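Visitor: I would like to learn how to read a model made of two chains. Where do we start?

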There are 2 protein chains.
Amino acid sequence: MFKQLEGEPRGERHPTPDVLERLKLNADGLIPAIAQQHDTGEVLMLAWMNREALDETLATGRVCYYSRSRQALWRKGDQSGQVQHLHSLHLDCDGDTLLLKVDQTGPACHTGRRSCFYLQVDNDAVVVTSDPEIAPETLYGKDTGQ
Amino acid sequence: MFKQLEGEPRGERHPTPDVLERLKLNADGLIPAIAQQHDTGEVLMLAWMNREALDETLATGRVCYYSRSRQALWRKGDQSGQVQHLHSLHLDCDGDTLLLKVDQTGPACHTGRRSCFYLQVDNDAVVVTSDPEIAPETLYGKDTGQ
């Protein structure tokens, strides 16, 4: 399916169910999903989806991942209140990665920072590049885990 | 290490080797790496790195991945000529994903398109959203594989 799509011109359309059932999930039935703020382009996080999480996200317009640590659906924001509304959903050329353009309410990161990518390699040092916008205790109470 | 970094303020620094050795690689020794064009914010692709690929990328400033299909280092552009120069490298909060801000020469995608994310879900249809900038035959000869 994805090999066939490679040669097609812009504007070509295929039924969504036919394409989604060909997604290449890993051995655990999961696919990585990049979340990007739709208007600023900031990459917020990477998480994982199973087919059920993807279907729910498309059906509701609110992003739902699969938590590998909890082994359960993870409706982003259920605990923290910081939800992601789906703006558009994109698949890559070989069908093994998703790109979600989202509208993120407040911080995406469980540390209270806007983006999870707040560490930057600066030659010999790794530098913290942002401060939390909201204290994690405010987001999660005493349990600051993801 | 990453749990400790969560509470630190902007500007805090830690030796790069100490942080990189704590990266959470998967069972295959790999970590997902998102490539984003540094100035436009366009997400170009997701690929994987092992520690050797990461070290080479930081040492040379030219992005090197690990090809899961070929099970070998994949110096982006060696075949196609479309290289990625590293602009900055970022780690996420729990040390299991990399974000590479890059300067991509020409198309990032093996199909000849600028970005690998050229398929978009539009309700009942998945739509091809861009055309190749360069024919894959020009990039790879008859072998259009990644």
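Guide: We start with the word contact, which means heavy atoms within 4.5 Å. This model is predicted. By that cut-off, the contact takes 56 residues from chain B and 56 residues from chain A.

Visitor: How are the two copies, chain B and chain A, related by rotation and shift?

Guide: In general, two copies of a chain are related by a rotation about an axis and a shift along it. Here a rotation of 180° with 0.0 Å of shift along the axis puts chain B on chain A, with an RMSD of 0.0 Å. The two copies are therefore related as by a two-fold rotation axis. In chain B, the C-alpha nearest this axis belongs to B:G41, at 2.5 Å. The same surface serves both copies, since 100% of the contact residues of chain B recur in chain A.

Visitor: What area is buried between chain B and chain A?

Guide: The size of an interface is often given as the accessible area lost when the parts come together. Between chain B and chain A about 4600 Å² is buried, and carbon and sulfur atoms give 57% of that area.

Visitor: How many salt bridges are there between chain B and chain A?

Guide: A pair counts when a side-chain nitrogen of Lys or Arg is within 4 Å of a carboxyl oxygen of Asp or Glu. Four salt bridges are found between chain B and chain A. One salt bridge joins the side chains of A:D122 and B:R13, at 3.2 Å from N to O. Polar contacts between chain B and chain A come to 32 residue pairs, both residues at pLDDT 80 or more. On the side of chain B that touches chain A, there are 26 nonpolar, 16 polar and 14 charged residues.

Visitor: Which strand of chain B is joined to strand 8 of chain A?

Guide: Strand 8 of chain A (residues 119-122) is joined by three bridges to strand 6 of chain B (residues 84-91), and the two run antiparallel. Within this pairing, A:L119 has B:L91 as its bridge partner.

Visitor: What helices and strands are there in chain A?

Guide: Chain A has four helices and nine strands. From the N terminus on, their order is α-β-α-β-β-α-β-β-β-β-β-β-α.

Visitor: What does the salt bridge of A:D78 and A:R62 tie together?

Guide: The side chains of A:D78 and A:R62 meet at 2.9 Å, N to O. A:D78 lies in the loop between strand 5 and strand 6 of chain A, and A:R62 in the loop between helix 3 and strand 4, so the pair ties together parts 16 residues apart in sequence.

Note on methods:
Residues are numbered from 1 along each chain as its sequence is written. Chains are lettered from A and ligands numbered from 1 in the order in which they are written. This is a predicted model: local features need pLDDT of at least 70, side-chain atom pairs count only at pLDDT 80 or more; totals for chains, interfaces and linings use all residues. Side-chain values use heavy atoms; hydrogens and water are left out. Copies are superposed by least squares on the C-alpha atoms of residues with pLDDT of at least 70 in both. Buried area is the accessible area (1.4 Å probe) that two parts lose on being put together, summed over both. A polar contact is a pair of N or O atoms within 3.5 Å; within protein, one must be able to donate a hydrogen and the other to accept it, and residues adjacent in sequence count only if both atoms are side-chain atoms. Ala, Val, Leu, Ile, Met, Phe, Trp, Tyr, Cys and Pro count as nonpolar, Asp, Glu, Lys and Arg as charged, and the others, Gly among them, as polar. Two strands pair if DSSP finds at least two bridges between them.
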